[in-house]
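Student: Could we go through how pockets, cavities and sheets are read from a set of coordinates?

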Amino acid sequence: MLELIVNGEVHRFDGDPDMPLLWALREDLKLTGTKFGCGIGACGACTVQVDGVAVRSCVLPVGRLVGKSVTTIEALSKRGDHALQRAWGEANVPQCGYCQSGQLMSAAALLAVNPNPTDEDIDSAMAGNICRCGTYQRIRQAIHMAAAQMALAMPEEVGP
Amino acid sequence: VKLTRRTFLASAGVIGSGLVLGFYLLREEEVPYPHKIPEALQPNAFLQVTPEGRIVLQIHKTEMGQGILTGLVTLVAEELNVPPQSIETQFAGVHPEFLNPEFDMQITNASSSMITCYLPVREAAAAVRTLLLQAAAETWGVGVASLHMLDGLVTDGEGRRAPIGEFVGLAATLPVPEKVTLKPRSEFRFIGQFEERLDSAAKVDGSAVYGIDANVPQALTAVVVRCPHFGGRVESFDASAARQAPGVVDVFEIERGIAVLADGYWHARRAADRLEVKWTADQATQQSSATIDREQTRLLDMREAEDEPFSGEDVLRAEYMAPFQPHACMEPMNATVAIADDSVDVWVSNQAPDIMRASVAQVLGRRADQVTVHGSFAGGGFGRRVYPFAAIEAAVIAERAGRPVKVIWSREDDIRNGPFRPAVKCRMQAELGGKTVKRWRYRLCTPSLWATLLPGIRARLFPAWLPQFAFERIVAGAARDDTENLEGTTDTYRLGESDVDQVQWDPGIPVSMWRSVGHSFNSFFVESFIDEMAHHAGDDVIEFRRRHLEPGSRARIVLDRVVKTADWGNTRPGVFQGVAVDAIKGAVCAQVADVRLEGDGFVVERIVCVVDPGMVVNPDIAKCVIESCIVWGLTAALVSQVTIDNRAVVQSNFHDFRVLRINETPRMEIHLIESGDHPAGVGECAVAPVAPAVANAVFRATGKRLRSLPLRL
């Protein structure tokens with residue numbers, strides 16, 4: 001029995017501590033916004049944040065999460081209005097949409113540490129997230145849009 | 001060529017026989033409209049208006065990224081004169097009114113949705129508008145011509161207004177009009193102007209439901225361990241270790257392998273790793289990429305020996321090839337089936353709900369109308385989700401388990417089992433007279449796509465009682481008439497006397513339609529060879545192309561535009577350009593690739609793309625889809641392929657089956673030229689020209705002609 005903190009709530013998990021977080025989220029907690037794509041941490045569809053850092057939940061054993069805080073796409077914002085989510089909509093980023101939860105969680109982790117990323121910063125932070133629809137150009141554009149929006153909203157927090 | 005049941009029957013020569021003709025003429029009985037809301041006006045299967053004024057549209061096409069949900073809503077919004085955001089949508093079930101007229105099935109494929117829906121869906125909405133206005137005219141005792149519908153209200157010229165819902169009751173009693181008047185293009189508010197995407201909100205907060213998200217009480221999760229070698233079967237297996245693994249409920253053999261059932265995916269997968277299976281080997285498919293290549297060469301040699309040789313003074317020859325490609329949809333294949341006494345429920349991301357329904361019904365011995373296929377978003381399709389394999393597996397396993405079952409394919413299952421875009425080899429010859437092609441010959445060695453498609457969708461097209469010999473005759477006939485593989489060879493250029501043919505050979509590797517089908521390789525071959533011919537003739541590659549395109553043709557217009565837009569010939573030092581043109585599904589596309597050499601290889605810096613899509617419903621979504629086509633085509637041009645060794649696929653997951661990532665994606669500039677008054681299909685329009693545009697640029701940079709995909713220096 002272990003305690004999992006997911007989206008601010010404590011959940012008791014009495015399954016196998018070796019089980020990857022992805023399946024605990026999808027099957028036990030019914031948080032299906034986090035997607036299965038490859039099972040080896042190579043596509044990014046399963047990306048969530050653990051203590052604010054983007055991680056691949058398909059290869060992360062639940063047992064390693066004791067005392068850590070997991071955030072999934074369902075809690076990126078309360079009303080789906082994180083600057084990135086709004087930018088994703090404005091830039092018409094999603095196509096099939098299946099990879100976009102993971103894309104957004106990676107992008108949010110990037111902006112949290114780098115509020116004004118260059119194209120190269122974006123490419124290196126997002127290269128682990130595959131999109132077969134090829135929405136990459138608009139992902140880049142939307143991250144820039146969101147960064148600009150966040151800078152406007154919180155001018156005092158903008159770095160040099 | 002239309003891929004209809006009639007085509008197959010005709011091509012097999014059985015359409016005149018009483019046996020099959022009788023079947024063909026069977027009419028679907030009256031089927032109730034889907035998702036009927038009590039009290040609502042529902043004059044057709046598409047649309048309902050409730051007394052409260054809700055407008056509910058059935059989305060009968062699969063939304064798999066191409067934006068058809070938004071497109072269909074936009075068509076309805078235009079005819080009902082309401083904002084698209086005010087229309088509710090539901091994924092439709094199966095209904096005869098939803099058949100794709102190009103394919104005789106309820107199928108979302110071949111860029112056909114907007115081509116085939118543009119008028120019928122507007123007509124369905126116009127019928128609703130006509131009925132509501134007639135009911136309002138009757139209620140108010142005025143002429144219909146004096147009434148107007150706007151943003152959910154009916155108004156007359158004298159200040160009277162009422163919500164449309166008030167007229168639903170009366171409208172439902174009026175006869176459905178046989179002919180309706182569509183809104184003229186000059187009055188459009190949304191078509192061609194509306195640029196939002198309506199399913200974005202659900203796709204950025206995790207709430208969009210895909211087939212794999214089906215949450216069915218009591219469902220077990222199953223994985224299927226399949227033979228790693230094509231054509232192999234289970235000889236024997238030992239499940240004792242797997243059965244003892246945590247969470248395992250059952251292990252048994254099914255037709256396609258060994259099913260492992262557990263309380264969740266991870267337990268099922270872990271147990272599957274402990275399974276010991278001995279597989280038979282089918283010697284007929286003892287293939288590797290090398291043996292396939294050798295056999296294709298041999299067959300092309302044989303064909304060449306039969307062909308009368310080109311004997312002119314100026315003859316150019318070249319051989320090209322392209323490898324197997326999996327679709328690798330981001331959502332792995334999956335299906336959930338729940339079986340009750342008199343009903344079966346199926347949740348499966350798919351491109352053809354009636355193929356799913358018929359296949360599940362047949363394997364369970366049920367009637368099709370007992371099977372409900374629940375709609376959902378699909379995490380990519382690209383031609384792969386036409387096939388019912390996962391749904392059949394889930395049905396068979398659920399029946400045996402006596403509980404609902406969700407089958408999930410691993411990524412390894414997906415990459416290794418296909419079906420794939422075929423590996424093909426092509427030989428071209430051209431006889432030139434100065435700077436003009438006098439005649440050319442094209443010989444493609446390929447398996448038939450129809451012949452491999454038909455067994456997969458047999459349950460939908462043919463009755464269970466159709467004898468095997470008759471089915472085989474149909475398949476043989478379909479293969480004989482299969483021109484799908486040659487699409488993209490003669491659609492664009494006029495190259496004198498043209499002699500295009502295929503040498504069919506099936507190496508025993510399952511193949512299928514794959515985004516842009518024949519164009520995906522033929523356009524690479526033809527457009528590279530055009531470049532070769534221009535170079536051979538000492539001509540400018542643009543002038544050579546223009547000379548072989550009809551003056552004033554859409555292809556020549558997009559070519560001229562892309563040359564101008566890409567500032568052809570004025571690149572900065574070290575950057576080289578290549579060009580290619582393709583015409584597919586009524587759309588015409590030209591691209592210029594900017595390439596620079598780096599290290600031992602090259603980098604694609606920019607793709608400039610001009611598309612004439614006829615007309616567009618949602619301009620920005622059209623551009624999104626075109627960008628998608630380019631990344632898809634560039635992935636196959638630069639990094640992705642599946643190779644065969646020892647009768648098995650070598651690659652297995654995204655670490656060794658490479659797809660383009662964000663850091664490898666060039667800048668894309670998309671331009672649309674609307675030349676008509678009906679939309680073409682854009683879902684595949686820009687896939688094919690990418691590879692030849694890049695290869696032609698690499699040739700200009702290096703003098704080296706790359707004749708095989710993926711392109712490697």
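**Pocket, cavity and sheet**

Tutor: Strand S9 (248-254) and helices H10 (353-364), H11 (389-401), H13 (449-456) and H14 (458-461) of chain B each give at least two residues to the lining of the second largest pocket; helices (H or I, at least four residues) and strands (E, at least two) are DSSP runs, numbered from the N terminus. The model is predicted: local features need pLDDT of at least 70, side-chain atom pairs count only at pLDDT 80 or more, and totals for chains, interfaces and linings use all residues. Residues are numbered from 1 along each chain as its sequence is written, chains are lettered from A and ligands numbered from 1 in the order in which they are written, and side-chain values use heavy atoms, with hydrogens and water left out.

Student: What is the volume of the second largest pocket?

Tutor: On a 1 Å grid over the protein atoms alone, a pocket is an open set of points with protein on both sides within 12 Å along at least five of seven lines; in a cavity a 1.4 Å probe fits but cannot get out, and lining residues have an atom within 4 Å of a point. Volume is the space filled by probe spheres set on the points, which are joined across faces, edges and corners. Here the pocket has about 1,300 Å³. Its 40 lining residues include B:Arg233 and B:Phe389, among the closest to its centre.

Student: How many cavities of 30 Å³ or more are there?

Tutor: The structure holds six, and the largest cavity has about 130 Å³.

Student: Which strands form the open sheet of four?

Tutor: Strands pair if DSSP finds at least two bridges between them. The order is S12-S17-S18-S19 (chain B), with mixed pairing.
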